[in-house]
Structure formats: structure tokens, C-alpha cells
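This briefing concerns the structure shown below.

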Amino acid sequence: MTDLRESDPTAAPGVPVAADAADERLIRVVSPADYLRQLWGQIKGGELGMMPVVLGLIIIGTVFYLYEPTFLSSRSLVSMMLFAAPVGIISLGIVIVLLLGEIDLSVGSVSGFAAAVMAVLLVDQGRSLWLAMGAAILVGAVIGAFYAALFVWVGVPSFVFSLAGLLAFEGALLWVLSDGSINVPRDSGIAEFARNKFLTDGQAYLLVAVVTLAYLGSRLWAIRQRRAAGLTPPNLLGIILKTAALGLGLAWLTYYLGIARGWGYLPVLFAALVVLMDFLLRRTRWGRHLFAIGGNEEAARRSGIRVGLVYCSAFVLCSAFAALGGVLAAAQLTSVSQASGTGDTNLTAIAAAVIGGTSLFGGRGSAYAAMLGILVLQAIESGLNLMNVDSDVRFIVTGGVLLLAVAIDSVARRARSSSGRG
Amino acid sequence: MTVTDYETTVRGRAERVLSLTGINKRFGAVQALTDVALEVHAGEVVALVGDNGAGKSTLVKTIAGVYQPDSGIIEVGGQAVSISGPSAAQHLGIATVFQDLALCDNLDVVANLFLGKEHHLGPVMNEVSMEKEAWRLLRSLSAKIPSVRIPVASLSGGQRQTVAIARSLVGEPRVVMLDEPTAALGVAQTAEVLNLVERLREHGLGVILVSHNMADVQAVSDRIVVLRLGRNAAEFRTEEATTDQLVAAITGASDNVVAARAARRAAPGEGEQ
């Protein structure tokens, strides 16, 4: 076996080469120009990631801003984030199920039903808020467990049982809400949380500092670990630039939102859930197994992964997120009616996940897809509202954007297979 | 590795890592395996050959724990065991690389190597230690993989086979079974995989190589076990076996095309011998 180092004329003699940089065929990424070239190669190869949705967000923002400058006003952004959060949380669950290559069409009905359960316990029966919320989320989790049992043991396709669930839980909502609708008191804790609670400036900047430092710390820790293991550490300059961009970006956003009411508790909760899910998906064994099953279920099964258990956790999480989203949406509107969670909640949540870049074919996506996707849809809705356009146009535009997102996914998929990226 | 090396490895230590005797397996009205015996020593490559329906796959799946034999004794490292399932086989140190490789195309090489066996600190995966171990494994196989952080989909057929074989080594097995590892590969890639098999032998592993390709079998194996109609038909030391002997043993007849041509070629040359 010849050592590849010896055949590499650029390597200084005696300097150990990191184990992952030894192959002479590797294209080294050292200068910023190398980095840009690598990025361009990835785009051409169909490795688009978040790029299309971020671009879309910028285009949408610019177009509406040119038409109506108040679209990007602090007040408008604050309310957009507030209204995006509940469906965004539902969409987060959809991302998990989509990663497995499955679908859940019933999240809207489940969210409405769970909200009704919460409202009945809280208002009609006068139970405590925590009990009511816990029961609602538990209802979601039980529904998810039931779905998982149907999927794993009976073998019903997810499309079919979730379609059945869509109808059945809409019926359950009507049955629970026999009186028509229930108003959630505006002064109840949950309504306050979803509508009127905002971080103070001090809290917000503190949070920004903590997030930035946590990011920096984790990257520096990675450098240390990789260096100790004899692997190429991440580029320090790149890390410093990214940290600065993150910190300054968040600080500026905090300042800008602070002109109006600032960061609502609800968007912060949503963002925290997104970061948590991203961590679970990318850094834990559970997340790795989720991606593996989405990529090749048989391979995952043969390598000893308990596939049924992973499916079960995904459906339970999806329905629990749907329940949580439904409860928060009800709190935001201060009422649960027979229309809660029906109509476009379902498709908005699914469309957001797909627009954000989660593949319908399984195995590709990220928790941030839910956040970016719902921001796109919310921006379209708010923008068209500002332009006094009726909901018919809004549906058509949303449909167009969804189609565009799926088309981009399909084209990228083809580019990946022709450039050998799977 | 020369023949004398092989003699010292096998005869010197003679550690029998896997031995099957009197294996019977029946599917309904079909007796798939009848009284089959197989022995694998440490540092030895045993080729398992046979025609379609000879029982190779059944035997491989029996060893891998996919099927349970109706009767017979399986010994691993000298101790009689029963292999109740694929995970039991893995625990006993029997690793199998199936023909379809079972890789996840959307995951990178490291993720595929350690799938189901991720290194972790509490709930969090230890990527650094996995990547380091991945490089160590690939180096020990002299594998030609440029980067372990690229998705498996972008690798060539030979490289994918390499990843699959390297993955079988993650659990520190004693026996590695390769099911048709060169079936879909080109010339250079086949040579690459055969090199890997050589490397596995150098590491002191017992290797069972299932193949239809006589050239590959003769290039890399130490012993050839021929199955025909679910029975042990013949067993050869590779350096002593000729292709027509093998073909005769596989087909059960000496009057086939290959044997006839060999006979024609041998006939004028008889005087020279």
C-alpha cells in the first residue's frame, strides 16, 4: 500500500496530512474563491438546499414592498411572524413524516379537534389550562399512535388512513363542539401567550447573544474535536464570518421588530422548536435513522434499525405538533369553531414543508424548511391582503408557488441523478 | 500472498472459525439442502460455487440467520450455536454483504458505514469518532474513496461495493460472506473488489465468496466448495483445480462444451507432457 501523501507533490514533507484530505483527487477548498466554486458546483448538481425558498422570499418581499412599502414595516413583520407560527408548528410535523416518504393529510382536522378538546375542558368544564393543553396534545399523540399502528401492523398506506382521518376528525370536531363554537377568554394564559406576550428589548438582545455564542461555541468545539482526531477542521475565517452574519442579522432584526412590538412569545416558541427539531434530525441517532428509512427502508431494516418504532415516533410527533399548532391557533383567534382546522390549514401546512425544500420522495429536507416555507406563504397572504385582493387570487397564487416548489424539487432531483448525487 | 503463507496461516493456526455439518433444509416438497458441510478457517477464502438452484443462496441465508436449518450443526469458533436471526448472526461475528448492497443513497459514506451502529455520547452522535474510524477502516482496506462526506449515490459501483464490505467490518466479524460481489462490476472495479477480498484474508478473517465467475473464484480463493442440487458435489484446493474440473463438478457431467474444448486442446499436446 503506497501512502498517498508521498505522491502528493504539494504536501510538505514531514507535515502530517489530515486523514480526510489525503486523497489527491480531492478538490481542496481553501480560499473564498474555492468556496464559491464549490457552491456553484453544488447548485449545478441539484444540491439546492434552502436556496430556492430564500430567493423566493427575497423576490416576494421586494415585489410587495415596491407595491406597498408598509409590507416590510415593523408592524407588518411582527404580525406576519405571529400568524405564521401556529401553522408553522403543524408544518414542522409534516416535515418529519415527509422525510420518511410518507404523508399526513389529516393535520388540519387533528389540529381543529385538539383545539376543541382544549376549549371544552378549559371553558365548558373549567379545568386548569395545563390540564386542557396536556389533554389536547395527548389526543394528538394518541391519534398519531393509532396511525402508526395502522401503518406498521396493518399496512394501510399513509395517504389512505390520513385521508380517512381528515374526514373522521372533522366529524369529531363537530361532535365535540355541539354548541357551534367556544370562545377562549382573552385573559386566559394561553390567549395572552399567543397574542399579547412579547420579549422586552433586554430579553431579546440577551437571547440573540446567547444564540450567537452557542453557535460560535459549538463550531469552535467542532474545530477542537476534529483537530484532536486528525481530521481537517472547519475553516476558522468562515466560522467567524458566519457567526458575525448570524449575530448582526438577528440583532438588526430584533432592533427592527422592536420598533413595533418586538418578538412575540409565539414566534420565539416556534423558532425554538425548529432549532430543537433540526438538532434532533441532524445530530441524534433517531434523526439519522429517519433519513435512512426515507432513503432506503430495506437497507435501514437490515442494518438493525427498528423501522416500526421510527415510523411510530414520526406519526406521533406529527399529530402532536398538529395538536399543539391547533391549540395555539385557537388561542390566537380566541375561539374554536366548526371551521377550525378545516379549509386551508391542511394544505398550507403541507405546502409550507414542500415549498421550504422538503422532498416529497423522502430522505431529503430539514426542519428549517417548515419555517421558511410558512414565511413564504404568510408573506403572500399578508401581501395580497395589503393589496386588498380577495382570497380567490390568494389560493391561485399559493397553488402556483407550490407547483413551482415541487417543479424545482423534481428538476433538482433529475440534476442530482445526472451528476451522481442521488 | 503466496501458497506458503497460506500454509502457515491455515495449517499453522488452523483456527476453524465456522463449521457446518449435516445441514438439511426443506421448503415444502423441495429438499433445498441435503447433508451439506462447510468449513471456514481464519485467514482463508472459501469460494462457494454452483449452478442456479444448487442451494448457494439457501446456504448463505442459513449462515446469515435468515433461514433456520431443519437439522445440522453450526459451530462458530468451535462452539455449537443456533442462529435465530440476522442480528444473532451479527452478534456471533458473521457479517454478510448481500448482492444489492443495501446502502442509503441519500446518506454519506460515514452514515452508511455506521448505520444502526452509530457512535454516540448520550443521545448525540459522535461524528468525529465515526469519521476517524471510517478512515481507519477504509485505509485498512486500501480503499479508493476520495471523501467520506459525499453521498453514496455519487460513488462508482466498485466504491459502493467497497463501502458495503467496509460496513460489514464495523462489527469486528470473524467471518465475512460476500454474495456475488463482482456481478455488476467492470474490469477495474472487479480487480478492486478482489483486492479487498485479499485484504480481508490478510486481516485473518474467514471469507465465504459466492460467485458465478470462475475467473474471480480462481483468482482469489484458497478452497472451492461446489454445491449441486443441494448437496456437496466436490471440494478443491484452488491451485489444484482446473476450470473444466470445476465446470464438470458444477454441472455434474463431463460431456459439456467446456470440457470437450479442453479435451480437444489437450489431445494434440499429450505427447509434450
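Glu297(A) is partly exposed at 30% relative accessibility, a class that lies between buried (under 20% relative accessible area) and exposed (over 50%), taken with a 1.4 Å probe and protein chains only. Arg301(A), its salt-bridge partner, is also partly exposed, at 43%. The model is predicted: local features need pLDDT of at least 70 and side-chain atom pairs count only at pLDDT 80 or more, whereas totals for chains, interfaces and linings use all residues. Residues are numbered from 1 along each chain as its sequence is written, chains are lettered from A and ligands numbered from 1 in the order in which they are written, and side-chain values use heavy atoms, with hydrogens and water left out.

**Salt bridges**

- In the salt bridge between Arg301(A) and Glu297(A), the closest N and O atoms are 2.4 Å apart.
- These two residues are separated by about one helical turn, because they stand 4 residues apart in helix H12 (residues 297–302) of chain A; helices (H or I, at least four residues) and strands (E, at least two) are DSSP runs, numbered from the N terminus.
- Arg288(A) forms a salt bridge with Glu127(B), with 2.7 Å between the closest N and O atoms.
- This pair crosses between chains, joining helix H11 (residues 285–295) of chain A, which holds Arg288(A), to helix H5 (residues 127–140) of chain B, which holds Glu127(B).
- Arg288(A) is buried at 9% relative accessible area, and Glu127(B) is buried at 14%.
- Glu127(B) also forms a salt bridge with Arg149(B), the closest N and O atoms being 3.0 Å apart.
- That pair links distant parts of chain B, 22 residues apart: Glu127(B) is in helix H5, and Arg149(B) is in the loop between H5 and helix H6 (157–168).
- Arg149(B) is partly exposed, with 32% relative accessibility.
- Through shared partners, salt bridges join Arg226(A), Arg288(A), Asp108(B), Glu127(B), Glu131(B) and Arg149(B) into one network.

**Aromatic pairs**

- Rings of Phe, Tyr and Trp (its six-membered ring) pair if their centres lie within 6.5 Å; planes under 30 degrees apart count as stacked, over 60 as edge-to-face and the rest as tilted.
- The structure has 10 aromatic pairs over all chains.
- Trp252(A) and Tyr256(A) are stacked, because their ring centres are 5.2 Å apart and their planes lie at 10°.
- The two residues are 4 residues apart in helix H9 (residues 236–259) of chain A, so about one helical turn separates them.
- Trp252(A) is exposed at 52% relative accessible area, whereas Tyr256(A) is partly exposed at 21%.
- Phe27(B) and Tyr67(B) make an edge-to-face pair, with 5.1 Å centre to centre and 70° between the planes.
- This pair links distant parts of chain B, 40 residues apart: Phe27(B) lies in strand S1 (residues 16–27), and Tyr67(B) in the loop between helix H2 (56–64) and strand S4 (71–76).
- Phe27(B) is partly exposed at 37%, as is Tyr67(B) at 26%.
- Tyr147(A), Phe151(A), Phe161(A), Tyr311(A) and Phe315(A) are linked into a cluster by ring pairs.

**Backbone angles**

- Asp35(B), in strand S2 (residues 30–41) of chain B, has a positive phi of about 55° although it is not a glycine.
- Asp35(B) is exposed, with a relative accessible area of 52%.
- Glu172(B), in the loop between H6 and strand S9 (175–179) of chain B, has a positive phi near 55° and is likewise a residue other than glycine.
- Glu172(B) is exposed at 61% relative accessibility.

Methods:
Salt bridge = Lys/Arg side-chain N within 4 Å of Asp/Glu carboxyl O.
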